[in-house]
Structure formats: C-alpha cells, structure tokens
Amino acid sequence: MEKPYILHMLTTAKNLSPFDVNMAMDAGWVSAVPYINVELDEIQGLVQDAIFSRSAKNLKRTAIFIGGRDTKLAMDMLKTAKKSMVPPFEVSVFADPSGAFTTAAGMMAAVERELMAKFNTTLAGKTMLALGGTGPVGQAAAVIAAKAGAHVRIIGRQLEKAQQVAEMCNSEFGEGKINITAGADIEKSQYIKTANIVVATGAAGIELLSAELVASAPKLKVAADVNAVPPAGIAGVDAFQNGTAIAGSNSGAVGIGALAIGNIKYQAQNRLLKQMIEADKPVYLHFEHAFEVARAYIKSAS
C-alpha cells in the first residue's frame, strides 16, 4: 500500500492558520499535521523525526511547511531544516509566514504586470514606498522589489522601527546586495512626490494614503493595497480593482486591490504546495520562489 502524503505544518504561534491547512489539503496533501509554539532550537529534532520514520523512497510523500508571523525566524527555520537533513533522508520545506511571502509575491507580480502593460516598463529603477511596511507582507514585498532593481523605502509610524526592519531586510534577505531605506509615516507627503509605486501593507481598515496624497503624486504609476476591509488602505483603490485607473490620480496611476492580489497569492501558494508533491528531489521554497511562480501564473493567464 502506498504511503499517504503527509505535510508537517510548523508554526511559532499558538494556532496553525486554517487558511494554510485548507490550502495544503486542496493542493493534494492527504494529512496536514500541526505543530504549534515551535521554537528554532526544536527544528532539528522535528525534522529528523520526520525524515527517519520513512524510507528514502517514501520520503517523497513527506514535506514540511513553516508558518508563524516572523519572517526572519521563518527563514532561519528553513535554513536550519535544510541543514538538519541527512541525504538521502531529505524532504522538501516551504516557508510562508502568515502567508506573507505568497501575498507579497502576488502583489509584486501584479505590480510588475501593470507596469509593463500600461507603461511599458519594469520594476528596475522605480521608486517604491511600502506603507505600513514593517510587517511581514511589507518586508517581503520590499525585498522582492529591491531584488528586481527598485529603490524601496519602508514607511512606518516609528522611524526607528522602520530603520531596524530595513536593515534586517538588507542583511538577512538581501545578502547585502540591496539597499532598502526607511521613512516615517509623517513624512510620506514628501516621499510621495517621487514615488512610482506605492504598496499598502498595513493593518486592515486603516487608510494609509489619502485621496489628497494620491492626487499630489506626479510620478505615481501603480498603487497596490492588500487591505480588503473598508476603508481602503489607499484611497480610490477598492478590493476588486485590477489595473484600472485610480479616480483622482493626476498621473494616470492604476490600482490593484486585495481580491485581485489574493487570487494570484492563492495560485502561487497552491502551486508551491503541489511542487513539493511533484518534485523529483527536495526543494526549499520561500519568497523568491513564490515570486517566480506568481510571475509564471500571470504569464500563463494572459
């Protein structure tokens, strides 16, 4: 009898995300087993319990998912998991804390699509503001954009925290090859004057960019908002918007709403979960792979 597909789902939180469980089961994992309140120093033991309980052949039907809310910790857990493998006893691992990696990937792939479709340009060389960018989605979006050649500024209510997050993104995710900067929310009226792209990644139900600031942005091309709860994070961008013009924008900017982003995020997460099932050899997946898959989905859907 063939062994069932088992996905060991690890989270640093007290609960595993029901969204992630549903996604795993829909992608073809027969059993999604939760492990809660997991700490970094427990990863090796959990990984090796998983890999030594099956033959090398049947390990193709085993994988690990890393959730939680902390992007750096999730990446550290992914690295530790990879180091804990003992080939040929090795399984695939996918990190997507709070769904942030796939959400950010979906958003930035959609932004890239609109830049090319509406303005015949790419992320390279563009100036991007990540409003509410100190959280998991903002961090991942900032790194994805910076790696694609954009000049990115993370905006937060507290400048010191925004600076700490920007420095962490540069050192931990960018290997020192990117230079994300920081700014305080109180100064965004100045930053918006040179912004080509704005992404709103803050808490739900909070307006981060007013209609007045949208109108005052002379170089704005694309604005994307992951908030589906009224009021919109960016004035004039509703949840269903998918590349149409933003009312009140004097620069002809287009908007991308939360539900449009969510569809690409869903497709990216689904495909990465399936990739672990279908891969001939173990894969280690995170935000960069999510962006690649989101791009591929957009290309196939166009």
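Student: Which residues of α3 are called buried?
Tutor: In this predicted model, they are T71, A74, M75, D76, M77, L78 and A81. The label means that each has under 20% relative accessible area.

Student: And how do you know that α3 has the span expected of a helix?
Tutor: Helix α3 covers residues 71-83, which makes 13 residues.

Student: What happens at the start of α3?
Tutor: A side-chain oxygen of D70 comes to within 3.0 Å of the backbone nitrogen of K72. The limit for a polar contact is 3.5 Å, so this pair passes.

Student: What makes β3 largely enclosed by the rest of the structure?
Tutor: Count its residues: strand β3 (residues 62-66) has 5 of 5 buried, so β3 is largely enclosed. Both faces are covered, with T62, I64 and I66 buried on one side and A63 and F65 buried on the other.

Student: How do you know which strands β3 pairs with?
Tutor: Pairing takes at least two bridges. Strand β1 (residues 6-10) is joined to β3 by 5 bridges, so the two pair, and they run parallel. One of the bridges has I6 with T62 as its partner in β3. Strand β4 (residues 92-95) has 4 bridges to β3, also parallel, so that counts as well. There, I64 has V93 as its bridge partner.

Student: Why are β7 and β10 called edge strands?
Tutor: Look at the open sheet of 7 strands, whose order is β7-β6-β5-β8-β9-β11-β10, with mixed pairing. Strands β7 (181-184) and β10 (242-245) each pair on one side only, and that is what the label refers to. From one strand to the next, the twist averages 20°.

Student: What makes β9 and β11 a pair?
Tutor: Bridges again: 3 of them join β9 (residues 222-225) to β11 (residues 254-256), and at least two are needed, so they pair. The strands run parallel, and A224 has I256 as its partner in β11.

Student: How many aromatic pairs are there?
Tutor: The count comes to 5. F101 and F287 make one that is edge-to-face, with 5.4 Å centre to centre and 70° between the planes. The centres must lie within 6.5 Å and the planes over 60 degrees apart, so both tests are passed. F101 sits in helix α4 (residues 100-119) and F287 in helix α10 (residues 287-301), 186 residues apart, so the pair links distant parts of the chain.

Student: Are F101 and F287 buried or exposed?
Tutor: Their relative accessible areas are 0% for F101 and 2% for F287. The cut-off is 20%, so both are buried. Ring pairs also link F101, F173 and F287 into a cluster.

Student: Why is Q269 called buried?
Tutor: Its relative accessibility is 0%, so Q269 in that sense counts as buried. Q269 lies in helix α9 (residues 258-278).

Student: What makes Q269 and D20 a polar contact?
Tutor: Their side chains are joined at 3.0 Å, and the limit is 3.5 Å, so the contact counts. Another polar contact, of 2.8 Å, joins the side chains of Q269 and K265.

Technical notes. Residues numbered from 1 in each chain as written. Predicted model: local features only at pLDDT ≥ 70, side-chain atom pairs only at ≥ 80, totals over all residues. Heavy atoms only, no water. Expected span 1.5 Å × (residues − 1). Buried < 20%, exposed > 50% of the residue type's maximum accessible area, 1.4 Å probe, protein only. Polar contact = N/O pair within 3.5 Å; in protein donor to acceptor, adjacent residues only side chain to side chain. Axes fitted to C-alpha atoms, helices over the stretch in contact; angles between N-to-C directions. Phe/Tyr/Trp six-rings, centres within 6.5 Å; stacked < 30°, edge-to-face > 60°.
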